[in-house]
Amino acid sequence: MTLRLSWSQLRNHEECKQKGYLSRQRKRATLSDARNYFPGNVTDRVVRDWLNGDDYTPGSLAPLVAEVMDREEKNILEGKPDPDPKKHVEPGILKWRDREDKMRVFRECTDAAEKIEPALQKYVVPYEFQPDFRFDAPLAIPHPQGGKETVLLIGYMDILVRDNNGRFWIFDVKHTKDNGYWRKTVGQLDFYSLAITLLYGAPAAGTALFQPLASPRIHPHKPTEQSRNELVQRFIGMARDIWNQDHTPKQDNAGCNFCDFKHACDKFKPVKDLYGKKRVAL
């Protein structure tokens, strides 16, 4: 079976091979609170819905926030997935922090929508574009048993643009107030640039983060051939571990208490003591 590898899978694998393995096996805890990533999801969906529509009148983006918030909250609580309506998802949890929390999120997402719209009007709307661009990019890499095998790099780009000269531009929407958050995520833009190179034979002309609540609101990033080659090597290492069935848990426990896969991790499986009683490994 062809390996299908994503950016998030690579991040999980490099953090902990066991975490990466359990993620691929869909062993994530089902009742995790969606509150922390809810504002980001709303901003992403508002931008996507607006771009998929046909009304780009200035000021028309922010009014979508209330509708999208209600829909996304309902999807979480009822277990309705988005964007794949055929995929079964168990109902989740969305815990507001206090009575004013939902209104704070609404104001924050409205602020993000108002601040991101000028970038969309300037860098996206005038050109050919595709929101939520889904890709399966083939990459031939060495197999441990010899020869080469093709894996697929998979994912979604928030916004893919093709300008009037036929060049591709990639934009990723980030709902963050952290001015330094870009350091944690520009690798994702390198990944997208690699995918475009594999699909179309040439890298993207440029990429950028649209981060309306941080400074600068548009953070450009220029992927290089070196960054793409380094990324290929990382995927080669990941694929080799998968083919060799190496999903060893990491040695230290840093971050394990907050891991969504701890309940299924080999390191924390109950073990029997000398009296035959089960004890949870620490």
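Visitor: Is the crossing of α1 and α7 left-handed or right-handed?

Guide: A crossing is left-handed if the near helix is turned anticlockwise from the far one by less than a right angle, and right-handed if clockwise. The crossing of α1 and α7 is left-handed. Its contact (heavy atoms within 4.5 Å) involves Trp7, Gln9, Leu10, His13 and Glu14 from α1, and Leu231, Arg234, Phe235, Met238 and Asp241 from α7. Sorted by class, the contact of α1 with α7 has five nonpolar, two polar and three charged residues; Ala, Val, Leu, Ile, Met, Phe, Trp, Tyr, Cys and Pro count as nonpolar, Asp, Glu, Lys and Arg as charged, and the others, Gly among them, as polar.

Visitor: What should I know about the model and its numbering?

Guide: This is a predicted model, in which local features need pLDDT of at least 70 and side-chain atom pairs count only at pLDDT 80 or more, while totals for chains, interfaces and linings use all residues. Residues are numbered from 1 along each chain as its sequence is written, and side-chain values use heavy atoms, leaving out hydrogens and water.

Visitor: At what angle do the axes of α1 and α7 cross?

Guide: Two packed helices are described by the angle between their axes and the distance between the axes. The axes of α1 (residues 7-15) and α7 (residues 225-243) cross at roughly 70° and come within 10 Å. Axes are lines fitted to C-alpha atoms, for helices over the stretch in contact, with angles from 0 to 180 degrees between N-to-C directions. Therefore α1 and α7 are roughly perpendicular to each other; under 35 degrees counts as roughly parallel, over 145 as roughly antiparallel, 65 to 115 as roughly perpendicular, and the rest as oblique.

Visitor: Which residues of α1 are buried?

Guide: Trp7, Gln9, Leu10, Asn12 and His13 are the buried residues of α1. Buried means under 20% relative accessible area, exposed over 50%, partly exposed in between (1.4 Å probe, protein chains only). The buried residues of α1 pack against β1 (4-5), α2 (17-24), β3 (148-162), α6 (182-200) and α7. Across the chain, 44% of the 282 residues count as buried.

Visitor: How do α4 and α5 pack?

Guide: Helix α4 (residues 65-78) meets helix α5 (residues 101-123) at an angle of about 130°, and their axes are 10 Å apart. That makes α4 oblique to α5. The crossing of α4 and α5 is right-handed. Val65, Ala66, Met69, Asp70 and Glu73 in α4 are in contact with Lys102, Val105, Phe106, Cys109, Thr110 and Ala113 in α5. This contact of α4 with α5 comprises seven nonpolar, one polar and three charged residues.

Visitor: Which peptide bond is cis?

Guide: The bond joining serine 215 and proline 216 is cis, with omega about -5°. Proline 216 lies in the loop between β5 (206-210) and β6 (218-221).

Visitor: Where is arginine 26, and what is its phi?

Guide: Arginine 26 sits in the loop between α2 and α3 (38-52). Its phi is near 60°, a positive value in a residue other than glycine. Arginine 26 is exposed, at 67% relative accessible area. Glutamine 245, which is not a glycine, has a positive phi of about 55°. Glutamine 245 is in the loop between α7 and β7 (270-272) and counts as exposed at 65% relative accessibility.

Visitor: How many helices and strands does the chain have?

Guide: The chain has seven helices and eight strands. Helices (H or I, at least four residues) and strands (E, at least two) are DSSP runs, numbered from the N terminus.
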